[in-house]
Amino acid sequence: MSDCFPFDIVEYGPSGPKQVSIESIREVPLTIYLNDREVVTLLCTGKYPRHLALGFLKSDALVSDPSQIQDVDIRDEDGRITARVVVSHDPWEKGRTIQRSITSGCGKGTNFDRNVETISKRRVISDLTVSPAQILALAGELKHRSTLYGRTRGCHNSSLCSPQEMLIFREDIGRHNAIDMIVGQCFLEGLDTSDKMIVSTGRVASEILLKTVRIGVSVLASTAVATSFSVELARKIGLTLIGNIKADSFWVYNDPGRIIGG
């Protein structure tokens, strides 16, 4: 499956128009069904659809334990992907409904208010420590691995890291999708994330922070900036939140002692 496609276009510059060849990143719809009920359609590259679908359901608290998963059927037909997830419990018990919110993730939030209420009651506890040099090194590796972005200029990148190394790297047209792929893999494989951090590109809006906390990560770092609500939530629950990472500097919005050294 190709993740980008070539096009001949016209580029306007100081010398006027000229014909150039470019590559555009693949964009396909992924529709997620949970116990035969349609939940959401995500626009994505189509990579890692199983992890993406389950990561979205985990992030939205529609599944909570891998033992609930009975079947995941992924089909890619005529440029449309479907993920049909069957679980042992009733996600719609007690009249539970999907509360759709228009978020900075292009309207993908389905249970935003309930997720905020749940996460706001948590306190992030972790013995993880990381140095400024390690943060800068991981951000540098993220940029180095971002070959699809270099070809298309059309994707975001996210990674699950220990302070010493990058463990999982994912890229997609949406920063939410890239994070959900990591969430889904950690969820399915039972990966211990209490001593891990997420390093990503893209604005850290509250939905990104909620996804991170949902899998127990205690440090979230991005090459972009954070929104005010994200900063407030991070300070309330004790998440280490880092943004605006450059080659030799970064901002620390909140840190309860996990960043050590000069």
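Aspartate 73 is partly exposed, with a relative accessible area of 24%; the class lies between buried (under 20% relative accessible area) and exposed (over 50%), computed with a 1.4 Å probe on protein chains only. Arginine 75, at 44%, is also partly exposed. The side chains of aspartate 73 and arginine 75 meet in a salt bridge, with 2.9 Å from N to O. A salt bridge here is a side-chain nitrogen of Lys or Arg within 4 Å of a carboxyl oxygen of Asp or Glu.

The model is predicted: local features need pLDDT of at least 70, side-chain atom pairs count only at pLDDT 80 or more, and totals for chains, interfaces and linings use all residues. Residues are numbered from 1 along each chain as its sequence is written, and side-chain values use heavy atoms, with hydrogens and water left out.

## Other salt bridges

Ten salt bridges are found in a search of the whole structure. One of them joins the side chains of aspartate 3 and lysine 47, at 3.2 Å from N to O. This pair links distant parts of the chain, 44 residues apart: aspartate 3 belongs to the segment before strand S1 (4-13), and lysine 47 to the loop between strand S4 (37-44) and helix H1 (49-59). Helices (H or I, at least four residues) and strands (E, at least two) are DSSP runs, numbered from the N terminus. Both aspartate 3 and lysine 47 are buried. A network of salt bridges links Asp3, Glu23, Lys47, Arg151 and Glu171.

Lysine 18 and glutamate 11 also form a salt bridge through their side chains, at 3.7 Å from N to O. Lysine 18 is partly exposed at 48% relative accessible area, and glutamate 11 is partly exposed at 39%.

## The four-stranded sheet

An open sheet of four strands has the order S4-S3-S6-S5, with mixed pairing; two strands pair if DSSP finds at least two bridges between them. S4 and strand S5 (69-77) stand at the edges with a single partner strand each, so one side of each has no neighbour in the sheet. On average, neighbouring strands of this sheet are turned by 15° against each other, direction ignored. Axes for such angles are lines fitted to C-alpha atoms, for helices over the stretch in contact, and angles run from 0 to 180 degrees between N-to-C directions.

Strand S3 (residues 28-34) is largely enclosed by the rest of the structure, because seven of its seven residues are buried. Val28, Leu30, Ile32 and Leu34 point one way from S3, while Pro29, Thr31 and Tyr33 point the other way. S3 runs antiparallel to S4, joined by seven bridges, and leucine 30 stands opposite leucine 42 in S4. The hairpin of S3 and S4 has two residues between the strands, and asparagine 35 there takes a positive phi near 50°.

S3 runs parallel to S6, with five bridges between them; leucine 34 stands opposite valine 85 in S6. S5 and strand S6 (residues 80-87) run antiparallel and are joined by eight bridges.

Six strands form an open sheet in the order S8-S7-S9-S10-S11-S12, and the pairing is mixed. Strand S8 (166-172) and strand S12 (251-254) are at the edges, each with a single partner strand, so one side of each is left without a neighbour in the sheet. From one strand to the next, the twist averages 15°. Strand S9 (residues 197-200) pairs with strand S10 (residues 219-222) in the parallel sense over four bridges, and serine 200 stands opposite serine 222 in S10.

H7 lies across strand S11 (240-243) and S12, at about 60° to S12. In helix H7 (residues 228-237), the residues Ser230, Val231, Leu233, Ala234 and Ile237 are buried. They lie on the same side of H7, because they cover an arc of only 165° around the axis, taken from the directions from the helix axis to the C-beta atoms. The face turned away from the buried side of H7 carries the exposed residues Ser228, Glu232, Arg235 and Lys236. Glycine 238 follows H7, with a positive phi near 85°.

## Confidence

The chain averages a pLDDT (the predictor's confidence in each residue, from 0 to 100) of 91, and 91% of the residues score at least 70. Over residues 101-107 the pLDDT is below 50, and this stretch has 14 contacts in the model beyond near neighbours in sequence, a contact being heavy atoms within 4.5 Å.
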